[in-house]
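Please look at the sequence and the structure first.

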Amino acid sequence: MTRIVGVHGIGNHEPGLTAEQAAAVVSGRWLAALRRQLGEHVYVDLRVAYYADRLARGVAQGAMDDPETLTEPEQELLLAWAGSLGAPAEVAQGRLTAPACAAASWIARRFGLDSRMVRIFVSRFCREVSAYFEEPERPDAARTRVTALLAETRPRVVIAHSLGSVLAYEALWRMPDLDVELLITLGSPLGLPDVIFDRLDPLPDKGQGSRPPGVRRWINIADSGDIVAIPRGLTARFTGIAADLTDQIGLFDFHKVTNYLASPVTSASIASMAEEA
């Protein structure tokens, strides 16, 4: 049986559940999506490292999805993100009234997306990324969940989505003796300048990151319309990536992990390693 560890992305906080219960719920979603292409006859043991509770802040429900309520560091992150997507200076530099809302609106218009959904998405992304990079105790606690599951299961495959690709990258660098045959990053923001790339641990050397030492093969997969997976293609910023692949996984669901997992490109990357009945 092929052991797989998943590392989830943003928007996975399950309030009211223990970490173990939440991990089981998220793992079930991932496995069901993966089997849509792999089929029931392929044996995989998939467990997702759950860390969302370690990044959750006490934000009122209504405010959680409103860019106007973002803190100053969160708004700065959103403006830098919009700038990386090509926003004009007045948007990227926050010169307009209500700069966070202006940046969210620009992203929606630029990519033809629903404005309300973009406001929700960018608010959640900026809150969780800011929590990870701005509050040192939070990434330590989140990474501990990832390294603990990696050490326990010693998987052949690691699949990391969205912000989870950052945790997986940093966790794997802390475990150079772990032998991982395949790392798959989905919708990864690892190359996002200022926001993430220049804040990684370990820091990129002379503008270049590299494959974690215990990983034999790294495949990156991104939807061409994924506003998180920028700049397009990680090979320009990281050495050791075997394949940088593009797939169309959905319209607004360009970043949804279950769509990535059910993608033929993802399943093909895994199938050669999975054991059949």
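Buried means under 20% relative accessible area, exposed over 50% and partly exposed in between, with a 1.4 Å probe and protein chains only. The model is predicted: local features need pLDDT of at least 70, side-chain atom pairs count only at pLDDT 80 or more, and totals for chains, interfaces and linings use all residues. Residues are numbered from 1 along each chain as its sequence is written, and side-chain values use heavy atoms, leaving out hydrogens and water.

**Non-glycine residues with positive phi**
- Asp-194 has a positive phi of about 65 degrees and is exposed, with a relative accessible area of 54%.
- Ser-162 also has a positive phi, about 55 degrees, but Ser-162 is buried at a relative accessible area of 0%.
- Ser-162 sits in the loop between β3 (157-161) and α9 (163-173); helices (H or I, at least four residues) and strands (E, at least two) are DSSP runs, numbered from the N terminus.

**Cis peptide bonds**
- Asp-201 and Pro-202 are joined by a cis peptide bond, with omega about 10 degrees.
- Pro-202 lies in the loop between β4 (182-186) and β5 (209-210), where Asp-194 is also found.
- The bond from Ile-230 to Pro-231 is cis too, with omega near -5 degrees.
- Pro-231 belongs to the loop between β6 (218-222) and β7 (238-239).

**Helix α4**
- In α4, Glu-74, Gln-75, Leu-77, Leu-78, Leu-79, Trp-81 and Ala-82 are buried.
- Their cover includes α5 (89-92), α6 and α7 (115-134), contact meaning heavy atoms within 4.5 Å.
- Gly-86, which follows α4, has a positive phi near 100 degrees.
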